[in-house]
Amino acid sequence: MIRLSSLALSMASNELFSIPIAPLKTYPGGSIVCTSPAPQIYVLTWSSPPDNRLTAAFNTALITALDAIEYGHPPGVVITTSAIGKFYSNGLDLKLALSVPDFMETSLYPLFRRLLTYPMPTVALVNGHGFAGGLMLAMHHDYRVFTGARGYVCVNELEFGAPLMPPMSAIFRLKLAPPVYRDLVLEARRFDAKAARDAGIVDKIGEMDAALQLIQDRGLAKKGTTGVYGMLKAEMYRESIELLDAKDKNDVARLEDWKAAERKRKSEGYRWVKGWEAEQSLKAKL
């Protein structure tokens, strides 16, 4: 049984390893520190100022940390959280992401896939804002705990004019009720902790103690020991995995195709309405 009273206090003294996050463009870099507050509990705490963006450097560091746990330590439970109190993750730097060839296919989607099929339970302890890609990152975990004191989660692509690519949206379709998915995407609604719990986006409200209690209550620490946990998840979420693995065309090219098709659709629509208005005007004169 996990004893909660002293865990948070002891985390700093139980560091297992630290993975550097390399500087990239305007981002100064940072680190992901792994601590173990109890046997078979691995806490990955990231700090990548200013707001934990999912850059290629961040994604590489997180995959490395997940590898180090799987291949270097006994199966258990992974908790992810942020050392930057305001942000769990503010998602992508879209301009930077689109400037990197095949960023989605070679960096972002492999991270999502790694979490989605990770061979032990994963818990996202969302202790600040989780916007757009930041919420996607949390959704690829098995469980989510949201601190009640601060932060919102949302999918706000609507607000900055970015479509959701299929590998990004699939996880919401699989894990959330249709009305919640609608509100997230088509209203860009921001959910606080209570609203997120009521909507089924998160499982529990609280701090680290709540995450540890969830692990204890559900007996998660032993779930990865039989060797099939990751395979069960791969079957459960196969539709999402197929999209994350798709190599037919990269998402930057696909996005350009979508934009071109939308420009063509609107151009044809504008021509049609002009002809229709002229026709209506002519009829009115008869």
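**Exercise 1. Describe the largest cavity of this predicted model by its lining, the classes of its lining residues and its volume.**

Solution. Begin with the lining: L24, L54, T55, A56, D93, L96, A97, V100 and F103 surround the largest cavity. Next, sort these residues by class: seven are nonpolar, one is polar and one is charged. Asp counts as charged, so D93, a member of the lining, is the charged residue. Then take the volume, which is about 40 Å³ for the largest cavity. Finally, count the cavities of 30 Å³ or more: the structure holds one.

**Exercise 2. Determine whether D142 is buried or exposed, and identify its contacts.**

Solution. First locate the residue: D142 belongs to the loop that links helix 5 (133-139) to strand 8 (143-146). The relative accessible area of D142 is 14%. Because buried means under 20%, D142 is classed as buried. Now list the contacts, setting aside neighbours within four places in sequence: D142 touches M120, P121, T122, K175, D203, Y229 and K233. With K233, the side chain of D142 forms a side-chain polar contact at 2.9 Å.

**Exercise 3. Trace the pairing of strand 1, strand 2 and strand 3.**

Solution. Start from strand 1 (residues 15-21), which is antiparallel to strand 2 (residues 30-38) and joined to it by six bridges. Within this pair, F17 is bridged to C34 of strand 2. Continue to strand 3 (residues 41-47): six bridges connect it to strand 2, again in the antiparallel sense. Here I32 has W46 of strand 3 as its bridge partner. Last, inspect the hairpin of strand 2 and strand 3: two residues lie between the strands, and Q40 adopts a positive phi near 70°.

Terms used: Residues numbered from 1 in each chain as written. Predicted model: local features only at pLDDT ≥ 70, side-chain atom pairs only at ≥ 80, totals over all residues. Heavy atoms only, no water. 1 Å grid on protein atoms, 1.4 Å probe; cavity = no way out; pocket = protein on both sides within 12 Å on 5 of 7 lines; lining within 4 Å. Points joined across faces, edges and corners; volume = space filled by probe spheres on them. Helix = DSSP H or I, 4+ residues; strand = E, 2+ residues; numbered from the N terminus. Buried < 20%, exposed > 50% of the residue type's maximum accessible area, 1.4 Å probe, protein only. Polar contact = N/O pair within 3.5 Å; in protein donor to acceptor, adjacent residues only side chain to side chain. Contact = heavy atoms within 4.5 Å. Pairing = 2+ DSSP bridges.
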